[in-house]
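My notes follow in the order in which I made them.

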Amino acid sequence: MLRFRSTGSQKYFAMNHFKRVLDRISWCEYRRLQSTLSTSTSKVQIPPRIKRGPTDILSALERTIPKDSMNHNYAYHDDPFLVPQNKMDYRSYALSYEAGKKAAMWIHRKHANLFPRHLSEPEIKEFTPTPKYKHKSQVSDKLLSRTIAECKIFDAMDIYKLLGSSTSNKTKQELLELLCFYNSESNSFTEFPFERWFIRPDLKVFWRYNPIINELYESLATQDSSTAAAAAHNAMICGLAKYSRIDEAMTLYQDCQKKNVPLNVNTYNYILCLLPECFGKKNNKKITFLFDILQSMNDKGVKPNVRTLNSALKAIVRSDAENVVKHLMSEFKRMNIKFSLATYYYVLFMFTQTGDANTNYLKEIVQLIQNESFTIQDPDDTLFFAHAMYLAEHYVDRKAGDMIHSLLLTGDNQKFISSALAENVYYNAYLSLLLSTTPIDEYFEIYGEIVPRVYVPKKGHMKKMVDVLNRSTPDIIAKYLPKLWTDSKAFCHVDIAMKSRMIRMMQLVISSAESGSKPSFVDEAWDCWGTIKWELKEKPQMHAPIETATLASIALILLHGDRAMQSIEVLKSIVEQADSFIPTMTIEQVNELFETCVSQECIQGALLVLEYSANSGFPHVVDMAMKLHNLPQLTKVERDRLANLVGLENSCTSGTSKSN
């Protein structure tokens, strides 16, 4: 307890000092600190140092930023005004980005003398020029091993040529595995991800014969050490199988089985993948050989993994072998092997190809893995999402589609959309499913989140959107048709037929709207007319058939938008180039055009409508002519033209006498 024996000012000073102490540290912390210092006899324990990499701080900062899974790829962020709006631009921008990277790497590799100093501080190894090795004294087995670890294939082969017989068996095996895995080619897919993104994933790459591979294999296969020989056999079988040398891979595998050469699990997995090519539609032989391989693995103590299961499923997925699939799934589950997305893909493929009776498999599988973030364990893992969403669209199952999309956005699962083709299949199916099962307002909300930042819809999907919108109410059409028109134009879907349908919808909306709330579609109508004019001029014999009903809709929209002169241009083309169009203008359109021209005192337009009606044989031409004849603002020239159109002097006289 504190006691003050001083004056009031001293007490005030002491209390303020004490308050400042309490401001720096709480009373409880202060007491705890005192107790610790007075009673602790142990030494201070310094925690072990955590080794940090040069980019760890950047990774930590990155984790503080919320992820936007629907944002553009960084390759398109250089200029927000140049963000691509169609598929061709996406591809061109990405590959041009990568082409610049390739050019820089080529200069860096071919003209190393231009980079005498380090380009970074601290030094970044990738920026330093690649050394040129010309003499054996410049290289070593350790250098070759390090170059192999960095996947520098061509540099590794150059170093090996200099080392020759000085290379150890361990390094020879590493080099053989590298060349077999990459097929003696540059590891371009790792260096250039955009190039991989736009290449079709189903393209086969065939085995490239390389004398270094043969030299390494023969050297290792004849070693006294059975371990070295077995490793060489395993690498060779995997390389041949991966790059479609089926007969050679199977022959080498059977030789190893006869000689009792130990094979690893990866080799067995590659052999399993060859069964469809080896046996074709001979399902019984295929299944028998499959179980022989699995039995051989069991006899030799080779523990299978999830890729063993996936390879087995892939081998029989097109066979009538549902019971075999169930047996394999049960056995591998009993061995506590965690399934990958490829496993579920093959199960879906097997059990949903027989019709709608097995649609519950899709929901059961998606519910089983909901909210789970997967890691890539098999190249075929990337097939799951596109196929699952295709099935959801096929069965028109909105709930399953939403669960699949939610799973895609969980964790880092988006990495399983690994190519432009898979992305197109997935999002086309998802948007088509939403379009057929979702209210139009909700659909366009989701559509706006995805398009064009993640996906640019195909022409077929845009046509489906036009069909759905055409069945909607006029207010819904007026709300979303401008967006649909803008996107159709931006994505280069300049189809006259589709534009004509949208123009007709615009005209119907304007005709049904109240006079004070007519939406404006003038720019869209004029743009469509420009496209039609271009086709008439540039492709007079090849353009798609254009109906006069579409041109009437364009003229009406222009009239309602107070562009009488532009509508006259359209009407004049209908009359003067009648042979270029299909006469489909309805009597309702004729009447609306005529009445609108009269109400806006567009006499020239009314005369053109009358002329079209006379040429087309509409029955009420005389009534239209009389209405025009009675207008006081008609000039003598216009009255003469009216008389020439329908022989109007007699018609008007007889019409007048009858009325009297």
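Entry 1, a helix length. I start with a definition: the expected span of a helix is 1.5 Å times one less than its number of residues. The model I am reading is predicted. I looked up helix H28, which covers residues 548-560. What span should its 13 residues have at 1.5 Å a residue? I get 18 Å, and the end C-alpha atoms of H28 are 18 Å apart, so the two agree.

I asked how many of the 13 residues of H28 are buried. Buried means under 20% relative accessible area. I find that 12 of the 13 are buried, so H28 is largely enclosed by the rest of the structure. I noted the buried residues, among them Thr548, Leu551, Ile554 and Leu558. After H28 comes aspartate 562, and I wrote down that its phi is positive, near 60 degrees.

A pair of aromatic rings is described by the distance of the centres and the angle of the planes. I looked up how many such pairs the structure holds, and the total is 19. I took tyrosine 97 and phenylalanine 194 as one example: their ring centres are 5.6 Å apart. Planes over 60 degrees apart count as edge-to-face. The planes of tyrosine 97 and phenylalanine 194 are at 90 degrees, so I file this pair as edge-to-face. Tyrosine 97 is in helix H4 (residues 87-110) and phenylalanine 194 is in helix H9 (residues 193-198). The pair therefore ties together parts that are 97 residues apart in sequence. Are the two residues buried or exposed? Tyrosine 97 is partly exposed at 34% relative accessibility, whereas phenylalanine 194 is buried at 8%.

Phenylalanine 444 is buried at 9% relative accessibility, and tyrosine 447 is buried at 1%.

I found a cluster in which ring pairs link Tyr426, Tyr427, Tyr430 and Tyr455. I also looked for charges over rings. Lysine 102 has its charged end over the ring of phenylalanine 192, 5.0 Å from the ring centre. Lysine 242 lies over the face of phenylalanine 181, and I noted 3.5 Å to the ring centre.

Notes: Residues numbered from 1 in each chain as written. Predicted model: local features only at pLDDT ≥ 70, side-chain atom pairs only at ≥ 80, totals over all residues. Heavy atoms only, no water. Phe/Tyr/Trp six-rings, centres within 6.5 Å; stacked < 30°, edge-to-face > 60°. Helix = DSSP H or I, 4+ residues; strand = E, 2+ residues; numbered from the N terminus. Buried < 20%, exposed > 50% of the residue type's maximum accessible area, 1.4 Å probe, protein only. Lys NZ or Arg CZ within 6 Å of the ring centre and 35° of its normal.
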